[in-house]
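Let's take a quick tour of a protein model, stopping at a few spots worth a look. Keep the picture open while you read.

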Amino acid sequence: MPPIRNYSNWNRRPSDAQDQIDPYRRYFFICEGANTETWYFKRLIDLRKELDIHPLIDLCLLEKTEEDRNISYPMQLIDFANKQKKKIGFHKKWDKMIVVFDADIFEKKVTNFQEVVALGEKENILAISNPSFELFLLLHFKDAYEKDILPNMDAIIKNEKVGNHTFIYHLLWKRTGKNSKKNPEIGELATQIGIEIEQERKINQDIHDCQSKITCNIGKIIEMIRGDAANKL
């Protein structure tokens, strides 16, 4: 199996004179997408201090490489995440693995969504968007729910192609003017995660009841991490 890259800004010291310390808990993100999600979570990790994440908590992005880069089917992604734990020194008691994937495939092609969720939640936290990660990014605009989501609820769930891209992609493009699949600057939306968390509360966040519903729980998970006070665990 090809190596996996681990991106973190943990304990970057201004000088070698500072002591090296170990994190109390690590949150690992592993994502379905190889570009958009990577750009976003790298930027989020770089913002950990600004987000007031506890200093003993580390955020890590596990980047798939080589042939593993194309692993995207949720069941395979969950299995892949579980296999990485031995390689990254995952502490089963303290560390958390967050598996990020889209639910649109279960609307159109696959029917075993509840089985996938049950299996995935045995050892991981599942971060799911329905229809896709672009919905999560769209929620970083403070009026996105009222202006983009409410008027287009049926079209968002159907998420049919508009030209070469999906409907939710086009809603995000109208907001950003950026190709979320090719432009790394899309990751800068992480600076607006506070807005996303507020907007996400207006839609369904229950991944156990998300089929045929516009859903996202990624902001809820990030909010949980921000509230994780390691010194009280």
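Start where two helices touch: Pro74, Met75 and Ile78 in H2 meet Glu115, Val116, Leu119 and Gly120 in H4, with contact meaning heavy atoms within 4.5 Å. This is a predicted model, where local features need pLDDT of at least 70 and side-chain atom pairs count only at pLDDT 80 or more, while totals for chains, interfaces and linings use all residues. Residues are numbered from 1 along each chain as its sequence is written, and side-chain values use heavy atoms, with hydrogens and water left out.

- H2 covers residues 74-84 and H4 covers residues 113-120, and their axes come within 10 Å and cross at roughly 10°. The axes are lines fitted to C-alpha atoms, for helices over the stretch in contact, and angles run from 0 to 180 degrees between N-to-C directions.
- H2 and H4 are therefore roughly parallel to each other. That label goes to angles under 35 degrees, with over 145 counting as roughly antiparallel, 65 to 115 as roughly perpendicular and the rest as oblique.
- As for the names, helices (H or I, at least four residues) and strands (E, at least two) are DSSP runs, numbered from the N terminus.

**The largest pocket**

- The largest pocket has a volume of about 370 Å³. On a 1 Å grid over the protein atoms alone, a pocket is an open set of points where a 1.4 Å probe fits, with protein on both sides within 12 Å along at least five of seven lines. Grid points are joined across faces, edges and corners, and the volume is the space filled by probe spheres set on the points.
- Which residues lie nearest the centre of the largest pocket? They are Glu32, Gly33, Asp102, Glu134 and Lys181, out of 20 lining residues; a lining residue has an atom within 4 Å of a point.
- Helix H1 (36-46), helix H5 (133-138) and strand E7 (165-166) are the elements that give two or more residues to this lining.
- Sorted by class, the lining of the largest pocket has 3 nonpolar, 9 polar and 8 charged residues.

**Helix H8 and what comes after**

- In helix H8 (residues 167-176), the buried residues are Phe167, Ile168, Tyr169, Leu171, Leu172 and Thr176. Buried means under 20% relative accessible area, exposed over 50%, and partly exposed in between (1.4 Å probe, protein chains only).
- Those buried residues of H8 pack against H5, helix H6 (144-149), helix H7 (153-158), strand E6 (161-162) and E7.
- Trp173 also lies in helix H8, but Trp173 is partly exposed, with a relative accessible area of 42%. Not counting residues up to four places away in sequence, Trp173 touches Lys178 and Asn179.
- H8 is followed by Gly177, whose phi is positive, near 70°.
- Asn179 sits in the loop between H8 and helix H9 (193-200) and is partly exposed at 22% relative accessibility. Asn179 and Thr36 are 143 residues apart in sequence, yet 9.4 Å apart in space, C-alpha to C-alpha.

**Around Ser132**

- Is Ser132 buried or exposed? Ser132 is buried, with a relative accessible area of 4%, and its place is the loop between strand E5 (125-130) and H5.
- Setting aside neighbours within four places in sequence, Ser132 is in contact with Asp102, Asn159 and Ile168.
- Pro131 is found in that loop between E5 and H5 too, and a cis peptide bond with omega of about 15° joins Asn130 and Pro131.

**Positive phi without glycine**

- Asn159 is a residue other than glycine with a positive phi, near 45°. You'll find Asn159 in the loop between H7 and E6, buried at 2% relative accessibility.
- Asp52 is not a glycine either, and has a positive phi of about 60°. Asp52 lies in the loop between H1 and strand E3 (57-63) and counts as exposed at 62% relative accessibility.

Conventions: Nonpolar A, V, L, I, M, F, W, Y, C, P; charged D, E, K, R; others polar.
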